[in-house]
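Subject: Structure handover

Hi,

Here is the structure I promised to pass on. Please open it next to this email and follow along.

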Amino acid sequence: MTHLQLKTNLLNQSLTLPNGVVIPNRLAKAATSETLATYSNNPTEKHVRLYQRWAAFGIGMIITGNIMIDRRALGEPGNVVVEDERDFAVLQKWAKSVTEQGSQLWAQLNHPGKQSPKGLNIRNISASAVPFGAEMQSLFATPDEATHDEIIEIIQRFGHSAAICKKAGFSGVEIHAAHGYLINQFLSPLHNLRKDEWGGTPEKRRKFLMEVYKEIRKQVGTDFPIAIKLNSADFQKGGFTEEDSLEVIKVLAAAGIDLIEISGGTYESGVAKAPQKPSTIIREAFFIEFAEKVRNHVKTPLMVTGGFRTVEGMNQALESNAFDIVGIARLMAIDPDAPKYLLAGTNSKQNVQPIKTGIKKIDRLGIMEVLWYTQQLNSIAQGKAPKPKENGLWAFIKSVLRSGWGTYATQRTRIKS
Ligand SMILES: Cc1cc2nc3c(=O)[nH]c(=O)nc-3n(C[C@H](O)[C@H](O)[C@H](O)COP(=O)(O)O)c2cc1C
């Protein structure tokens, strides 16, 4: 990339969505679960502080960490839940902490399905009662198959949560259909073995997602943007493939979705991990080849997340015209001021590096890195600096203790209420 090309930093271009909503530039913070809520799952001042910091240098849009739509279905202790208006004032403050600085704040809505640590929820449901692979069975329980009535209730909950977020001042919502959570479980032939109207064929497996989308649209209207985060593939044998994903994208585009964010992987196969193709690694963006395929089929704006590290890599990828918005997660966790550098055409002083504990069995689990980064978010939310040199093993031990305590505290809170 030449110096001249960087003078026209493509990150600085605004993007107008088909419904007229303008995103001020092409840089977005992808969803990063904060686990900063109370053990009754209320958002707090910590969210406000963290998001205020992230929005301080003009990033185009910020997507929240996954917000759960049902208190009975948490993915982690400390998830925010939006199922009614009990936290409305904090939600308003949270939205304002970003929007009054000129950036967009979109709420990512999620249901974990079976991807919830043992003991956190009283009952875990999924499309089917398919257990985890042997390596994960000590952490995650085998779920029950969701009943038809439960499926209908979840669909309505997604719509209701979205309506509350809209009313509180969020700029948009994103449906989390990626990374192996409930909607992804329904989409996958490996996890969805149903033979009723919710499974059995690709069309029936995507029905749950389409009903979630339609319900949200019904409750928020056409002016309010709805995005989806979808896997290009699950990278699991017999799972959701690129061909399946492309079909889902075509149907969603025809139904009027406003933005499609492309990612990949699950807890079992590894979330958003780098593919081994050397060309992709040079271009940073893990999922850009798939975005190029998608671009040939739909006109819906595309966001690609996973692997972006440098302003050169981001510009090179945007130049290909395969997609519209660059999503970054890990870099924002170790450098919340990264947009200051990137939008000015320079690089953050921090480098995203692989995080390891040194224990192979643990390092194989993709969630280990996520735990390390979650601690960085915690530091920023407390008004402290992130610790990019934090030891992987030490951070892992602290996270396990914190998660164990959080599970116990969540159970106690549930008993008391
Ligand atoms: C601490 C942490 C929490 C995350 N939480 C979420 C989440 O709640 N929802 C989601 O869709 N992705 C989540 N992700 C994945 C990121 O959005 C992103 O897809 C992934 O980290 C790849 O982007 P990166 O290479 O820029 O980090 C999380 C990632 C990290 C590091």
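Start with helix H2, residues 45–54, where His47, Val48, Leu50, Tyr51 and Trp54 are buried. Buried means under 20% relative accessible area, exposed means over 50%, and partly exposed is in between (1.4 Å probe, protein chains only). Helices (H or I, at least four residues) and strands (E, at least two) are DSSP runs, numbered from the N terminus. At the start of H2, a side-chain oxygen of Thr44 comes to within 3.0 Å of the backbone nitrogen of Lys46.

A word on the source. This is a predicted model, in which local features need pLDDT of at least 70 and side-chain atom pairs count only at pLDDT 80 or more, while totals for chains, interfaces and linings use all residues. Residues are numbered from 1 along each chain as its sequence is written, and side-chain values use heavy atoms, with hydrogens and water left out.

**The strands around S13**

Strand S13 covers residues 325–328. Ile325 and Gly327 point one way, Val326 and Ile328 the other. All are buried. In a regular strand the side chains alternate between the two faces of the sheet.

Strand S3 (residues 27–29) runs parallel to S13 and is joined to it by 3 bridges. Two strands pair if DSSP finds at least two bridges between them. Ala28 stands opposite Gly327. Strand S12 (residues 302–305) also runs parallel to S13, again with 3 bridges. There, Val304 stands opposite Val326.

S12, helix H11 (residues 311–319) and S13 form a right-handed β-α-β unit. Right-handed means that, with the strands pointing away from the viewer, the path from the first strand over the helix to the second runs clockwise.

**Helix H7**

H7 has 14 residues, 207–220. From its first C-alpha to its last it reaches 20 Å, close to the 20 Å expected at 1.5 Å a residue. The expected span is 1.5 Å times one less than the number of residues. Its buried residues include Phe208, Leu209, Tyr213 and Arg217. The buried residues of H7 pack against several elements, among them helix H4 (148–168), strand S10 (226–231) and helix H8 (242–255). Contact here means heavy atoms within 4.5 Å. Gly221 follows H7 and has a positive phi, near 85 degrees.

**The ligand**

Which residues are closest to the ligand? They are Ala31, Ser33, Gln108, Lys229 and Arg330, out of 22 that surround it (one heavy atom within 4 Å). A polar side-chain atom of Lys229 lies 2.8 Å from a ligand oxygen. For Arg330, the distance from a side-chain N or O atom to a ligand oxygen is 2.7 Å. For Arg309, it is 3.1 Å. A polar contact is a pair of N or O atoms within 3.5 Å; within protein, one must be able to donate a hydrogen and the other to accept it, and residues adjacent in sequence count only if both atoms are side-chain atoms.

Thr266 lies in the loop between strand S11 (259–263) and helix H9 (278–282). Thr266 is buried, at 4% relative accessible area. Its side chain reaches the backbone nitrogen of Glu268 at 3.1 Å. Beyond its neighbours within four places in sequence, the contacts of Thr266 include His179, Asn231 and Asp234.

His179 is not a glycine, yet its phi is positive, about 55 degrees. His179 is buried, at 8%.

Phe235 sits in the loop between S10 and H8. Phe235 is not a glycine either, and has a positive phi of about 60 degrees. Is Phe235 buried or partly exposed? It is partly exposed, at 41% relative accessibility.

Best wishes
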